[in-house]
Amino acid sequence: MKKIEAIIKPFKLDDVKEKLTEVGIRGITISEVKGFGRQKGHTELYRGAEYVIDFIPKIKIEVVLPDEMVSQAVDIIMETAKTGRIGDGKIFIMPIDEIIRIRTGETGEEAL
């Protein structure tokens, strides 16, 4: 099993979620996060004063999948979240040793 963490632009969330659920992915965790990479920050003008915005709002999607579904999910996220402009985000893939469903005690892929 693997965990996919994807950092994407907020306006792409609905499209990514829709495509992932279409292929049978049932559980997705979403967090509103802020950060910066190569995109750095930007400046905004508010009531005549200029402010530096260091951290850009993003969405973090977390999904745990069986190994055989990982490449399909990564492809979907890449295709759907891509705008071709700086700040499209990143995808991180990590191994998962064990999953336990608290309510039933199921383990492994049964707990997904």
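## Salt bridges in a predicted model

At 9% relative accessibility, K9 counts as buried, a term for under 20% relative accessible area, with exposed meaning over 50% and partly exposed in between (1.4 Å probe, protein chains only). The structure is a predicted model, in which local features need pLDDT of at least 70 and side-chain atom pairs count only at pLDDT 80 or more, while totals for chains, interfaces and linings use all residues. Residues are numbered from 1 along each chain as its sequence is written, and side-chain values use heavy atoms, leaving out hydrogens and water.

Side chains of opposite charge can pair when their charged atoms come close. A salt bridge here is a side-chain nitrogen of Lys or Arg within 4 Å of a carboxyl oxygen of Asp or Glu. Five salt bridges are found in a search of the whole structure. The table lists some of them.

| Pair | Closest N and O atoms |
|---|---|
| K2 and D67 | 3.7 Å |
| D88 and K9 | 3.8 Å |

K9 pairs with D88. This pair links distant parts of the chain, 79 residues apart: D88 lies in the loop between α2 and β6 (90-95), and K9 in the loop between β1 and α1 (13-22). D88 is buried, at 17% relative accessibility.

K2 is bridged to D67. Here too distant parts of the chain are linked, with K2 in strand β1 (residues 2-8) and D67 in helix α2 (residues 67-81), 65 residues apart. Helices (H or I, at least four residues) and strands (E, at least two) are DSSP runs, numbered from the N terminus. K2 is partly exposed at 27% relative accessibility, and D67 is partly exposed at 44%.

E5 and K3 are both buried. Together with E62, they are linked in a network of salt bridges.
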